[in-house]
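The sequence and structure come before the details.

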Amino acid sequence: MCGIALIISGIRIDVSSLLLDSVPPDSTSKAEQVILIDDLKAALRRRGPDSLGSKKVLLYSKTLSSVEERGIISFIDGEEAKEGDESYSQHVEKKSDCCFDAHGQTHEAELHFIGATLQLRGINPIVQPLIDTYGNILVYNGEIFGGIYINSDSNDTEFLMQALGKCCSCNSHLHTTTGYCEEKGQSSVPDVLSTIKGPWAVIYWQESSRTLWFGRDAFGRRSLLVYWPTLEDHRFLLSSVSPFSSTEESSGLEAENEINNLNFWEELLCGVYSISFDAPKLDGCLVGEVRKHEWTNAMLKELIDWERTSVEPNPEDLYFSHCKTLRKQHDVHSACSNIFPSNSGPIPATVSGTAQTVLIALRESVMRRSSLHRIFKAVTSDIRQEELAPVAVLFSGGLDSMILAALLDECLDPSYEIDLLNVSFDGESAPDRISAKAGIKELRRIAPLRRWKLVEIDADLSKLDLETKHVMSLINPANTYMDLNIGIALWLAARGSGWVYEGNNNNYEDDLERNECVIYKSKARIVLVGSGADEQCAGYGRHKTKYRQGSWLRLHEEMKLDMQRIWKRNLGRDDRCIADSGKEARFPFLDEDVIRILLNIPLWEIANLDQPSGIGDKKILREVARLLGLYEAAVLPKRAIQFGSRIARESNRKNFGSNRAANQASAGSASFDQLQSGLTAFLVLALQMDDDNEP
């Protein structure tokens, strides 16, 4: 996980070719005071604690054949050529070509790149931004799990820099869909980025073409925020996260309103963008034109379109599917009536080959996301291997997190511990705490040799005022109480500070009886998260509603909508909240191969929403759980983190007085400013009703 940012000043940015979702607010004079370089660096450094660096590219107008014709020359600030070097004469010649106006001033523009690194791959430490011998500059936040071959000991940022450095710079391919330059026989920047399997956000300066490239992966698994220029503020900004400083001085609802008023960040729409710079003939002021480019990978386009071949079953399909379900339920009841086996349990003969295929894909996805490279040994050299937990799981004890934990056990060296991070705002009574304790017992049954650590993270919302304001800056531009509640729970989980029960054996009940409770902080730098499972496997209540309203086609359309907006509603927010503790969120259910395999499965094999909750929803994942021997987890109903941890209830009581009042005010989906005005009106009405009811 890394934090990356870019600030462009002194250039008129033309965004007319883009269809922006919204118009940035006009109150940019205030915003300019908020976004300070030091604040931005501090926010990025929390994401990338290993190193922090910055570089500036300075652009000047250049005289061409006549005074009226201008071009562009560039310098990397701080990279001055020394006298006697081969490039010195070219450097001096560049500066002599700079255009001066009537007052003797040059027209200067600045591109300020900032990179903070959490290094998880490679042998040697790196500091971003990376600069190659051609003057190209890269800041990268992501992982390459496929598409570009990388040795296990190599760093993916360095490999990507090499691949991008070989790209064509003639720009003749910018308006083509192939992304390939026929003239020079080279790939383009969009072509290289389209081949990457894995989460990424990137900012890249291509020196030879004076072009800036930026973007994020097709599913938005890494955060990248954008500030589009306005007439009042010509700056263009990109950042992994919004700085915290704008709310440090405020408290309560005042802070919430301040964030909403000053909010000018947007989630960057997934894709690859470029800014080509040019100098007009008249005033010499530099301009940049923004373009959005097509993905060039055919398979990736199919995943983005998210069209399923088999949506509506015929009666025979439903009959056979129902018969298989009845057989599976009988097998599960038979297995549960006996003593559970010690390892992974018997695999019922009736479990479908489809579930086996999904299991294999998920196992490979977890393997890619938990493979330990040599960098871990350098980072954790002060920790004994038998005490090391390099990968943790965001753990509720529910279906998705249980599958991830069981697969992580299969993929991770047996000598390592596994931290299971569980958050509760109601102590031992929260539903997620109860299911987590039941879940760790089932995990210890199927994997008794693994050292599992259930990290119990207890929180009191009334004592988290400062932390709440900090998380509000992280979820920005999201601005609802639901986003805030989810963000706080994720942020606390990622910190990993809680309690564990430790005993001499692997029996959790014995640990509790001996009351061997110790303070513990997880040092895992990777956190596996179950995002994407509900969207792809019909796990939400609204999926059942749509199915009842319009059967299979309406269900498919709702699931498609969820997948195509997950970047905006979930992933950017979740990435920012987890990364703030110097941890990297990884999403095995959103692996490209997993998405492709689930899309190829008939919808009625993914879910059967005629059946009760815990059986028909996410049916395919329940079959996968049974294959792993997780018979109890296979029948657990869906429960969102804000409800399972009880933060939603505590938030409603704190801000509205009760759950009932919060529901009447539509607290979950309303934005902070809507709630501020709505809450005032609601309280006035409530007081009037109380007065009317007085005897």
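How are helix 10 and helix 19 oriented to each other? They are roughly antiparallel to each other, a class that takes angles over 145 degrees, with under 35 counted as roughly parallel, 65 to 115 as roughly perpendicular and the rest as oblique.

The model is predicted: local features need pLDDT of at least 70, side-chain atom pairs count only at pLDDT 80 or more, and totals for chains, interfaces and linings use all residues. Residues are numbered from 1 along each chain as its sequence is written, and side-chain values use heavy atoms, with hydrogens and water left out.

**Helix packing**

Helices (DSSP H or I, at least four residues) and strands (E, at least two) are numbered from the N terminus. Axes are lines fitted to C-alpha atoms, for helices over the stretch in contact, and angles run from 0 to 180 degrees between N-to-C directions.

| Helix pair | Axis distance | Angle |
|---|---|---|
| Helix 10 (residues 353-370) and helix 19 | within 9 Å | roughly 170° |
| Helix 8 (residues 298-305) and helix 19 (residues 592-599) | 10 Å | about 60° |
| Helix 12 (residues 399-411) and helix 21 (residues 619-627) | within 10 Å | roughly 40° |

Helix 10 passes helix 19 in a left-handed crossing, where left-handed means that the near helix is turned anticlockwise from the far one by less than a right angle, and right-handed that it is turned clockwise. Contact (heavy atoms within 4.5 Å) is made by Thr357, Val358, Ala361, Leu362, Ser365 and Arg368 of helix 10 and by Asp593, Val594, Ile597 and Leu598 of helix 19. By class, this contact has 6 nonpolar, 2 polar and 2 charged residues. Nonpolar here covers Ala, Val, Leu, Ile, Met, Phe, Trp, Tyr, Cys and Pro; charged covers Asp, Glu, Lys and Arg; polar covers the others, Gly among them.

Met299, Glu302 and Leu303 of helix 8 meet Glu592, Ile595, Arg596 and Leu599 of helix 19, giving 4 nonpolar, no polar and 3 charged residues.

Helix 12 crosses helix 21 in a left-handed sense. On the side of helix 12, Leu399, Asp400 and Ile403 take part, and they meet Leu621, Arg622, Val624 and Ala625 in helix 21. The contact divides into 5 nonpolar, no polar and 2 charged residues.

**Backbone exceptions**

Most residues other than glycine have a negative phi, and most peptide bonds are trans. The bond from glutamine 128 to proline 129 is cis, with omega near 0°; proline 129 is in the loop between strand 5 (108-117) and strand 6 (130-131). The bond from asparagine 476 to proline 477 is also cis, with omega near 20°, and proline 477 is in the loop between helix 14 (465-475) and helix 15 (481-495). Tryptophan 306, not a glycine, has a positive phi of about 50° and is placed in the loop between helix 8 and helix 9 (315-337).
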